[in-house]
Every structure is written in structure tokens, then in C-alpha cells.
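Please keep the sequence and the structure in view while reading.

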Amino acid sequence: MKKTSLEKKILSSYFLIFFIMVVLIIYFTASIYFIISQAGSSYKTNSILENYRNELEKTNESLNNYLKFHSYETINAYFNQKNTIENIMGFLSEHPDKDKIRQKEYIIRQLSKSWLFYADNTVKYKRANNSKKSEININLASKVYSFLETEIKSLDSLYFQNNRQRYESAVSHLKKTACLGFSIFVLISGVTFVLAFIFLRTSLKPLTKISEAALQISSNNYEIEPMEHSDVIEMENISKAFNVMTKSIREYVDTIWEKAIEYNRLQQKEIEMTSLYNAAKFKALQSQINPHFLFNTLNTGAQLAMLEGSDKTCQFLEKIADFYRYNLQMGEVSNLEDELTSVDNYIYIMKMRFGQKFVFEKDISYSNSALEIPGMVLQPLVEDCIKHGFASVVKGGIIKLKVYSIIKSEGSTLFIEVSDNGCGFPEDVKNRVLNLSGGTEDETSIKEDGIGLENVISRLRIFFKDEKVFDIEENEGGGTKFVIRIRNV
């Protein structure tokens with residue numbers, strides 16, 4: 001079986017159909033043009049005869065004007081009209097004929113000559129001032145002109161009857177030609193459609209099968225029969241390539257499926273391990289609290305100070321005890337009210353230690369004090385302000401704690417800000433802290449008697465599942481501002 005390209009097949013079919021259509025169009029265009037020309041010229045003889053009659057009337061009118069006015073202009077007009085009549089008389093037959101139309105044309109020609117003869121004599125005798133002969137000739141000319149008008153009307157009627165038959169014949173022929181052309185066009189269109197359908201069906205049959213097979217493969221059915229051969233080169237190449245591809249898919253699908261199952265098993269295990277790791281990490285981060293014996297020791301000291309009457313020392317020890325009681329009793333989750341109380345206790349202790357080194361300001365405009373947050377996340381921020389922000393400050397330090405919310409169309413956001421007017425955060429240190437990329441102990445955490453910033457950031461991100469929950473900004477009055485953003489509260 002001889003193979004050919006799809007492009008060659010399509011072009012061959014196109015040019016064959018194009019050639020047939022062009023030949024038919026040329027043929028029917030020429031036929032219709034010829035028929036229309038015949039129909040258009042059917043009443044041409046009537047038009048010529050009508051023009052001849054009009055010129056006769058003009059000549060007769062110019063003759064009467066001359067007889068009436070006897071002027072140079074009128075005689076000149078008469079001779080001009082006479083020349084016109086003689087020039088257009090050529091369409092009339094010069095000899096008698098058995099044909100009615102040709103015979104009628106001969107009679108009109110002879111009558112025209114007679115009328116011109118008497119008209120010329122009328123003018124001649126009028127110019128010679130022979131009124132008697134001029135009047136005789138004008139009377140004869142009038143009689144001939146009357147006969148001439150009658151014969152012209154008769155010839156016009158004969159022309160009309162003959163031309164009507166020609167016109168009706170041309171119109172009938174035109175209708176037949178149009179019907180024949182339309183029939184042939186419909187026939188050729190139908191044959192072309194059938195041939196095109198057969199051509200496309202046979203040429204693209206392999207492609208249809210490939211499409212169906214591809215749909216089965218997409219439904220995970222890889223048991224596909226090999227594609228048949230085609231006489232179209234492109235379809236043959238596609239069929240061969242598809243057979244090779246299907247075989248390769250069948251060979252690798254089992255291996256891929258096994259790997260997918262193993263990957264899913266490992267991924268599930270990894271998810272479980274990550275969940276356990278996060279839980280363990282959360283507990284481990286919160287486990288950096290001083291042991292119970294410190295709390296018990298502080299309680300014992302407070303009781304002893306009370307017995308000895310040292311009220312100030314007793315209050316100091318009680319605040320420390322309350323601070324560590326909160327740390328020891330705190331679970332994974334605390335609330336905003338307890339966190340703020342813990343900060344108050346810590347500030348009291350630090351004020352007793354550092355005296356006038358700093359002042360503490362609070363601005364709490366958020367009413368939901370029961371909001372759940374991780375425990376021990378605010379006190380470490382205040383501690384960082386005191387130990388790092390005011391490391392070189394002797395007096396005049398300011399620590400501000402501000403809690404407020406902003407409500408927008410997409411939801412409300414709670415802001416907790418802890419700021420100082422200290423030395424600020426170097427940019428590189430801030431980036432390392434926020435990225436949890438490590439650093440020196442002084443850069444990234446409060447020393448061993450406190451909880452580091454990395455600890456706070458990690459627990460906040462784990463608890464709220466938001467990488468942007470914590471940020472470090474430059475305070476407007478100088479220093480550092482720690483910002484906690486809790487969305488959708």
C-alpha cells in the first residue's frame with residue numbers, strides 16, 4: 001500500500017474541488033452574462049424607433065417654425081434636423097421584403113424621404129416668395145407626415161411583439177440556467193461533502209482510536225490494543241509512537257505505583273513524627289523554668305519576713321513567689337490576663353532591683369482578657385528591654401506595654417506591643433533572631449536565668465500557626481518595639 005502525507009492528500013483534494021468550482025463558475029457566469037445581454041437588448045429596436053420618431057417631430061416643428069417666423073435661426077434649425085434624420089435613417093430597410101417588420105421599415109423609409117422632399121420644396125418656394133406652391137407642398141408634407149406617424153406606430157407594435165417574445169425566451173433560458181447551476185452546485189457540494197467525510201474518516205481514523213485509547217489511559221486502564229497501520233505517513237508515525245509510549249507506560253506503571261505507595265507511607269510517617277516533634281518541642285520550650293524548690297524557698301522566706309515584721313521584704317518575696325508560681329502552674333496554654341499579671345509581678349521585682357533606672361507604662365484597650373496565648377511570652381520581652389535595651393542606661397528608661405485591636409472588613413487583629421527607648425537592635429541581629437538562625441547568647445536570648453527570644457518566637461509561631469505573628473521594629477522615640485499580631489480574634 002502506497003503511503004502519502006496528510007498535507008498532500010488535503011492539497012490534492014482542495015485543488016481538484018477548486019478547479020471544478022472555478023470551471024463551473026466561469027461557465028455559468030458567461031452563460032448568464034450572455035442571456036442578460038440578450039434580455040437587455042430585446043427592446044433596443046423600440047428605443048431606436050422612438051428616438052427616430054422624436055427626431056421627426058423636432059424636424060417637423062423646425063419646419064413649422066420657419067414658415068411662421070421666416071428667420072435665419074429657424075431655417076438653420078430645420079436643415080440641422082434634416083441632416084440628423086438622414087443620418088439615423090440607416091436602421092430602416094432599403095428594399096421591399098416579405099418579412100412584415102422589414103417591409104414596414106421600407107415603407108417608413110420611403111415615406112420619410114417623401115416627407116423630406118415636400119418639406120424641402122416648401123422651404124424652397126417659401127424662400128422664393130412663391131406662397132402658392134409653398135402652401136401646396138406643406139399640405140402634401142402634412143399628409144405624408146400623418147401617414148408616417150401611423151406607420152411608425154404600427155412598426156413599434158411589431159417591434160414590441162417580437163421583442164417581447166425574445167425577452168420571455170431569454171428570461172426562461174435564464175431561469176433554466178439558474179436552476180441548472182443551483183442543481184449542479186448542490187450536487188457538487190453534496191459529492192464534495194461525502195468525499196471529504198470519507199477522506200477525513202479514513203485518514204483520521206487512527207487519530208480517533210488514539211484519542212479513545214488516551215482517554216482509557218487517563219482512567220488508569222493501560223491494557224490497550226496496539227494501533228493499526230495507516231496509509232497516511234503522519235498517522236502512521238503517530239500510531240507507532242503511541243504504541244511505544246503505551247508499552248513503556250505498562251512497563252513502568254507497576255514500579256511507579258509501588259514507589260507512590262512507599263512515598264505516601266513515608267510521608268504519613270513524617271507527618272506523624274513532625275506532629276510529635278512539635279508537641280515535644282512545645283513542652284521542651286516551656287520546660288525552661290526554674291525548679292520547684294525555688295518557689296518553696298521563696299515562700300519560706302516570705303513567711304519568715306512576715307514573722308519578723310519586715311513587710312516590704314515580705315511583699316517582695318511574695319511577688320517573686322507569685323511570679324514563679326505562675327511559671328510552675330502554667331500549662332501549654334495561658335490567657336492574656338494571667339500574662340499581664342505575670343508582667344506586673346516581674347516589673348515589681350525589677351523596680352526593687354534597679355530603682356529609678358526605668359519607668360513602666362501600660363495602655364490596655366482590649367477587653368477579652370480570657371484570650372488564650374502561650375504562657376510566658378510577654379515577660380521575656382520586658383526582660384529583654386531591661387537587660388539588653390537598658391544595658392548602658394542609668395536613669396530615664398521607659399518601657400511601654402500596649403494592647404489594642406484593629407477591626408477591618410477582613411477581620412480583627414490584636415496587637416500586643418512591648419517597647420523601650422534603649423539602645424535598639426542591630427539589623428543583622430534582628431534578622432538572625434526572626435529567622436531563628438542562631439547567634440551568640442547575648443544576641444538571641446536572655447541569659448540562663450530567663451527565656452530566650454527564640455523560645456518566645458518559636459512558641460508563638462507554633463501556637464498560632466503563623467510565621468508573621470511576631471516582629472521586631474524600631475521604636476519611634478528610639479529603641480526597640482516587639483510586636484505580636486494575632487489575626488482573626
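The side chains of glutamate 417 and lysine 481 meet in a salt bridge, with 3.9 Å from N to O. The term stands for a side-chain nitrogen of Lys or Arg within 4 Å of a carboxyl oxygen of Asp or Glu. Glutamate 417 belongs to strand 5 and lysine 481 to strand 7 (residues 480-487), so the pair ties together parts that are 64 residues apart in sequence. Glutamate 417 and lysine 481 are both buried; buried means under 20% relative accessible area, exposed means over 50%, and partly exposed lies in between (1.4 Å probe, protein chains only).

The model is predicted: local features need pLDDT of at least 70, side-chain atom pairs count only at pLDDT 80 or more, and totals for chains, interfaces and linings use all residues. Residues are numbered from 1 along each chain as its sequence is written, and side-chain values use heavy atoms, with hydrogens and water left out.

## The chain as a whole

The protein chain has 13 helices and seven strands. These elements are DSSP runs numbered from the N terminus, with helices being H or I of at least four residues and strands being E of at least two. Of its 489 residues, 35% count as buried.

Among contacts between residues at least 6 apart in sequence, 70% join residues at least 24 apart, where a contact means heavy atoms within 4.5 Å. The chain exposes about 30000 Å², and carbon and sulfur atoms supply 57% of that area. Accessible areas come from the Shrake-Rupley method with a 1.4 Å probe, and for residues only the protein chains shown count as cover.

Five strands form an open sheet in the order 2-4-5-7-6, with mixed pairing. Two strands pair if DSSP finds at least two bridges between them. Which strands stand at the edges? They are strand 2 (358-364) and strand 6 (470-474), each with a single partner strand, so one side of each is left without a neighbour in the sheet. On average, neighbouring strands of this sheet are turned by 20 degrees against each other, direction ignored.

Helix 9 (residues 336-354) packs on the sheet and touches strand 2, strand 4 and strand 5 (411-420). The direction of helix 9 makes about 165 degrees with that of strand 2. For such angles, axes are lines fitted to C-alpha atoms, for helices over the stretch in contact, and the angles run from 0 to 180 degrees between N-to-C directions.

## Strand pairing in detail

Strand 2 and strand 4 (residues 397-408) run parallel and are joined by seven bridges. Isoleucine 364 stands opposite valine 403 in strand 4, and glutamate 361 has lysine 400 of strand 4 as its bridge partner.

Strand 4 and strand 5 run antiparallel, with ten bridges between them. A hairpin links strand 4 to strand 5 through two residues. The bridge partner of isoleucine 399 is aspartate 420 in strand 5.

## Other salt bridges

Side chains of opposite charge can pair when their charged atoms come close. The count of salt bridges comes to 15. One of them joins glutamate 50 and arginine 53, whose closest N and O atoms are 2.4 Å apart. Both residues lie in helix 2 (residues 44-69), three residues apart, about one turn of the helix. Glutamate 50 counts as partly exposed because its relative accessibility is 33%, whereas arginine 53 is buried, with a relative accessible area of 18%.

Lysine 430 forms a salt bridge with glutamate 427, the closest N and O atoms being 3.4 Å apart. This pair lies in helix 11 (residues 427-434), three residues apart, about one turn of the helix. Lysine 430 counts as buried at 16% relative accessibility, and glutamate 427 as partly exposed at 49%. Salt bridges that share partners also join Asp471, Glu473 and Arg485 into one network.

Leucine 11 lies in helix 1 (residues 6-40) and counts as partly exposed, at 39% relative accessibility. Together with Tyr14, Phe15, Phe18, Val22 and Ile26, Leu11 forms a nonpolar patch on the surface, with about 600 Å² of accessible area together. Patches are made of residues with over 30% relative accessible area and no salt bridge: like charges are joined within 9 Å, and nonpolar side chains (Val, Leu, Ile, Met, Phe, Trp, Tyr) within 5 Å.

Is arginine 109 buried or exposed? Arginine 109, found in helix 4 (residues 100-127), counts as buried because its relative accessibility is 10%. Leaving out residues up to four places away in sequence, arginine 109 touches Met89, Gly90, Leu92, Ser93 and Glu94.
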